[in-house]
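Here are my notes for your review. Please read them with the structure open.

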Amino acid sequence: GSLAAQGSAKLLEARLLELAQQGALEASAAESELRDAFLAADARLRKLLPAGDSSGTTVVAAIVTQPEPGEYCVHFAHSGDSRIVVSAGRELICSEDHKPNRDDERKRILAAGGTVEQGSLGGGPLRVDGSLAVSRALGDFQFKPAEQSPECCKVTAVPEVRTVPRCSAGDWLLLACDGIFDVIENEELQEFVDARLSKTAPGRAEGGEIVVELLKLCLERGSKDNCTACLVQLVPGGAAEAEHSRELLQGDWDKVQPMVQVKYADFFAAHGFEDEAKAILSICKKSENRDC
């Protein structure tokens with residue numbers, strides 16, 4: 001849900017920035033700090049969302065530090081099926097999605113009194129209580145009794161945390177939601193990014209253009225879920241100043257029903273593309289008038 005996603009992002013960003021500014025972090029400290037950050041954000045989110053709100057969001061986050069000149073360390077955490085792919089020295093390190101059919105996730109859900117089954121219409125992925133297709137998330141408080149320990153809930157915000165040490169310039173990481181990975185595998189994604197980064201010196205490639213190409217590819221392959229991605233290049237000498245730009249890929253909103261077009265407009269407006277949102281709503285209004 002958008003409320004949970006926007007609230008969680010704001011709550012986590014400040015804490016993760018604090019951790020990154022500490023400099024080097026031991027793996028054990030990073031695991032503890034990131035776990036506490038996720039749980040604190042989830043607890044705060046419970047208080048911020050309206051009573052009875054059932055929205056939730058998956059989360060993937062990373063902290064990159066530089067323990068030594070020319071050396072990077074990546075600490076990442078995720079809860080749900082948003083995923084991180086780290087390409088370090090040609091090695092591929094990836095998070096593993098939290099789905100109800102994972103053995104460890106199923107055991108927790110069943111121990112909490114839940115079920116793992118398909119939805120009421122049958123078919124499709126296994127779900128928590130036949131409802132939720134992910135087994136970890138922030139929000140989704142209908143699966144998290146306030147009095148119950150987070151580790152013991154059907155759905156938990158507790159993240160899995162991993163540290164990838166001794167990364168170097170030329171390595172990269174990509175964080176993305178499930179709309180990307182519904183249509184592209186980790187290995188193919190690595191090949192896709194490497195092929196484009198290899199055309200320039202480390203840190204010189206235009207990361208935004210690569211992400212746009214990736215998003216277009218996923219849409220062309222028929223991805224039906226949200227497609228969001230962030231590419232981070234590790235460059236010589238530490239963080240580099242970069243120009244920030246945003247591009248809206250509007251998709252085929254003109255080919256869907258007016259009620260779906262309104263959803264497009266809401267999404268555009270929520271991300272600061274007010275003019276594009278107004279253009280859609282204007283067309284929707286004209287369509288309504290014609291129907292009358």
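Is Tyr264 buried, partly exposed or exposed? The numbered points start there; the model is a predicted one.

1. Tyr264 is partly exposed, because its relative accessibility is 27% and the buried class ends under 20%.

2. The ring-pair count is two aromatic pairs. Tyr264 and Phe268 make up one of them, with an edge-to-face arrangement.

3. Check both values against the cut-offs: ring centres must lie within 6.5 Å, and an edge-to-face pair needs planes over 60 degrees apart. Phe267 is partly exposed, since its relative accessibility is 41%. Through these ring pairs, Tyr264, Phe267 and Phe268 are linked into a cluster.

4. Which charged residues sit over rings? Arg83 is one: it lies over the face of Phe181, 4.2 Å from the ring centre. Arg196 is another. Its charged end sits over the ring of Phe192, at 3.7 Å from the centre.

5. How is strand S3 placed, enclosed or open? S3 spans residues 71–79, and eight of its nine residues are buried, so the strand is largely enclosed by the rest of the structure.

6. S3 has strand partners to inspect. Strand S2 (residues 59–68) pairs with S3 in the antiparallel sense, over eight bridges. Within that pairing, Ala61 has Ala77 of S3 as its bridge partner. The S2 and S3 hairpin has two residues between the strands. Gly70 in this hairpin takes a positive phi near 80°.

7. Strand S9 (residues 160–167) also runs antiparallel to S3, and six bridges join the two. Look at Tyr72 here: Cys167 in S9 stands opposite.

8. Last, the domain division. The protein chain is split into domain 1 (2–167) and domain 2 (253–289). How far apart are the C-alpha centres of domain 1 and domain 2? The separation between these centres is 32 Å.

Methods:
Residues are numbered from 1 along each chain as its sequence is written. This is a predicted model: local features need pLDDT of at least 70, side-chain atom pairs count only at pLDDT 80 or more; totals for chains, interfaces and linings use all residues. Side-chain values use heavy atoms; hydrogens and water are left out. Rings of Phe, Tyr and Trp (its six-membered ring) pair if their centres lie within 6.5 Å; planes under 30 degrees apart count as stacked, over 60 as edge-to-face and the rest as tilted. Buried means under 20% relative accessible area, exposed over 50%, partly exposed in between (1.4 Å probe, protein chains only). A charge sits over a ring if NZ of Lys or CZ of Arg is within 6 Å of the ring centre and within 35 degrees of the ring normal. Domain bounds come from an automatic or database domain assignment. Helices (H or I, at least four residues) and strands (E, at least two) are DSSP runs, numbered from the N terminus. Two strands pair if DSSP finds at least two bridges between them.
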